[in-house]
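Subject: Structure handover

Hello,

Here is the structure I promised to pass on. Please open it alongside this note. My findings follow below.

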Amino acid sequence: MSGLFRKKDVNDLLVEATPLTRTLKTMDLTFLGIGAIIGTGIFVLTGKGALTAGPALSVSFLLAAICCGFTGLCYAEFASMAPVAGSAYTYSYLAFGEIIAFVIGWDLILEYALGAATVSVGWSGYFLNLLSEMGIHIPTVLTAAAGTTPGVTTYFNLPAFLIVLVITWIISIGINQTKRVNDTMVIIKLAVIILFIICTVWFIKPHNWVPFSPYGFYSYHAGAKAGILPAASIVFFSFIGFDSIASSAEETINPSKTLPRGILLSLLISTVLYIAMTLIMTGVVKYTVFSKYLNAPILAVLHQTGQSWLALIVSLGAILGMTTVILVQLYGQSRICYSMSRDGLFPKFFGDVSPKYKTPFKGTWFFGILTAIAGGFINLNILSELVNIGTLTAFVLVSAGIMWMRKSHPEIHRGFRAPGVPFTPIIAIIFCITLIIGLNWETWLRFVVWFAIGMVLYFAYGRKHSALNAK
C-alpha cells in the first residue's frame with residue numbers, strides 16, 4: 001500500500017537533465033497564457049453568460065478570475081519550487097505520491113484533449129461562416145459530426161479534424177516554431193479585441209445596464225439557475241488553460257522567476273479584457289437580445305452599431321483566438337504525457353524526444369491524431385463538461401498541495417511564495433468545490449468511468465514500470 005503513495009524528491013527532480021530546449025521568456029509565457037485563456041470566452045460564452053446574469057456578467061467574470069487568481073498563486077509557488085514539465089501532475093507527485101499523481105496526469109490528458117477537440121468544433125463554425133461570406137461552401141455532410149444538429153445530415157467535421165492536425169504538426173517540429181506562431185496570433189487577436197473596444201465603446205447606452213443584476217446573486221429563472229454565481233460557473237471555463245503555462249517549465253529560461261510572472265500576468269490581462277468586453281457588449285445591446293446570437297454574441301453588437309465591416313475582422317480574430325487555445329492545450333497535453341512517460345507510468349514511446357526537433361515527437365502525434373478524430377467524429381455537446389470537472393479536480397489538489405508542502409517541506413527553496421497561506425489555497429478550494437457541485441450527475445458518472453480506466457492502466461502498467469522502482 002505504501003508503494004502507491006511513494007513520492008518524488010524535489011532535489012532528484014532538479015538534477016534530472018532535460019533534452020528539451022530552454023527558450024521561453026516572461027513575454028512568451030504571458031502570450032502562451034493569453035493564447036490559452038482568450039478565445040471561447042469572449043467569442044462564444046459571453047452570450048450565454050449575459051442571459052444568465054444580465055449586465056452583472058462582468059462581476060461573474062471577476063469572481064471566476066479571483067478563483068483562478070488564488071489557484072494561480074498556488075501554481076506559481078509550485079512552479080518556482082519544482083520548475084519541471086508536468087504541471088499539476090508533477091506537483092501532486094511531490095505532495096501526495098504516485099497514485100494521486102497518476103490520477104491527475106490521466107485527468108489532465110482528458111482535459112486537454114477534450115478541451116482542444118471542443119474548441120476545434122467552435123473554430124470550425126467560425127471558419128465555415130467566414131468561407132460562406134466569401135462565397136465558398138463545403139458539402140454539409142463534412143461540416144459537423146453525426147447528430148450535432150437535429151434534422152441535418154452530417155457525418156464528419158472536416159475543418160475541425162484538419163486544424164488539429166496542422167497545430168499538432170507545428171507543436172511537433174519545435175518549441176521555437178510553436179512560440180512564434182502563438183505570439184503572432186495572440187498579437188493579432190489582441191489587436192482585434194482592442195479595435196472592437198475602440199469602435200463600439202461610443203455606442204454604450206447606460207440604460208441597458210439597468211437593472212444591473214436582474215437575477216441577483218443566485219436564483220432560478222424559467223426553470224434554470226440564474227444570477228452572478230451560475231454565470232461565474234459558465235465563464236470560469238473561459239480561464240481554463242493558464243495552468244498549461246506550468247507545463248512549459250523545462251523550456252523556460254530561469255523558470256522559478258519567469259513562470260509565476262507569466263501565470264499571473266496572463267490572468268490579469270485576460271481578466272481586464274473580459275470585463276471591458278462584457279460591459280461594452282451589455283451596454284450597447286440589451287442583454288436579452290443575446291438569445292438570438294448565442295453562437296456569435298459579438299455579432300449582436302456589430303448589427304446594433306451597423307459596423308458590418310468589422311464583422312469580417314472579428315470573425316478572423318475569433319478564428320485566431322480559438323487556434324491559439326487549441327495550440328496551447330495540445331502543447332500542455334504533450335508535455336504531461338512526456339513527464340509521465342519519463343517517470344515510467346506511460347510507455348517509453350510517449351517520452352521519446354526527437355533528436356532533430358527536440359520535442360516528444362511520437363507522443364505529440366499520437367494524441368494529436370486522437371484529438372483530431374474526436375473533433376471530427378464525436379458530437380462534443382455531451383463531453384465538454386468533462387473538461388470542467390477534470391480541471392477543477394486538478395486545481396483542488398494543487399491548492400491542497402501547497403498547504404501540505406509548506407508543512408512537510410518548509411526548507412525547500414521557493415523562488416515565489418504564495419501570499420496568505422493557508423487562506424489563499426483554502427479560498428481556491430472552496431471556489432472549485434462550489435463549481436464542481438454545480439455540474440450535473442452525468443458528468444460525474446463519465447468522470448468515474450475515465451478514472452476507472454486510468455486505474456486499470458496504472459495497476460497493469462504504471463506501477464510495475466515506475467522509475468521509482470529502481471530506488
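Helices here are DSSP runs of H or I with at least four residues, strands are runs of E with at least two, and both are numbered from the N terminus. V15 sits in helix α1, residues 10-15. Two notes on the basis of what follows. This is a predicted model, in which local features need pLDDT of at least 70 and side-chain atom pairs count only at pLDDT 80 or more, while totals for chains, interfaces and linings use all residues. Residues are numbered from 1 along each chain as its sequence is written, and side-chain values use heavy atoms, with hydrogens and water left out.

**Overall picture**

The chain has 16 helices and two strands. Its radius of gyration is 22 Å, close to the 23 Å that the globule rule gives for 471 residues, so the chain is as compact as a globular protein of that length. That radius is taken over C-alpha atoms, and the rule is 2.2 Å times the number of residues to the power 0.38. Along its principal axes, the C-alpha trace spans about 65 × 50 × 40 Å.

Of the 471 residues, 58% count as buried. Buried means under 20% relative accessible area, exposed means over 50%, and partly exposed lies in between (1.4 Å probe, protein chains only). The accessible surface of the chain comes to about 18,300 Å². Carbon and sulfur atoms hold 72% of that surface. Areas come from the Shrake-Rupley method with a 1.4 Å probe, and for residues only the protein chains shown count as cover.

Contact means heavy atoms within 4.5 Å. Take the contacts in the chain with a separation of 6 or more: residues 24 or more positions apart account for 82% of them.

There are 29 positive and 18 negative charges, and their mean positions are 3 Å apart. Lys and Arg count as positive, Asp and Glu as negative; His and the chain ends are not counted. Each charge is placed at NZ of Lys, CZ of Arg, CG of Asp or CD of Glu.

**Back to V15**

V15 is exposed, at 68% relative accessibility. A467 is 452 residues away from V15 along the chain, yet their C-alpha atoms are separated by 15 Å.

**Cysteines**

A disulfide is a covalent bond between the sulfur atoms of two cysteines. The search counts a pair of cysteine sulfur atoms within 2.5 Å. Across the whole structure it finds zero disulfides. The closest cysteine sulfur to that of C67 is in C432, at 4.2 Å, which is too far for a bond. C68 is in no disulfide either; its nearest cysteine sulfur, that of C67, is 5.1 Å away. C67 is buried, at 1% relative accessibility. C68 is buried as well, at 0%.

S87 lies in helix α5, residues 87-95. Its relative accessible area is 0%, so S87 counts as buried. Which residues does S87 touch, not counting those up to four places away in sequence? They are Y75, D243, A246, S247 and I336.

I109 belongs to helix α6, residues 98-133. I109 is buried too, with a relative accessible area of 2%. Leaving aside neighbours within four places in sequence, I109 is in contact with Q333, I336, C337, M340, F346 and F367.

**Backbone points to check**

The peptide bond from V210 to P211 is cis, with omega near -10 degrees. P211 is in the loop between α8 (175-200) and β1 (219-221). The bond from V421 to P422 is also cis, with omega near 10 degrees. P422 is in the loop between α14 (384-408) and α15 (423-437).

N254 has phi near 50 degrees, a positive value in a residue other than glycine. N254 is in the loop between α9 (228-236) and α10 (255-284). At 42% relative accessibility, N254 is partly exposed.

K358 has phi near 60 degrees, again positive in a residue other than glycine. K358 is in the loop between α12 (308-342) and α13 (361-377). Its relative accessibility is 38%, so K358 is partly exposed.

Best wishes
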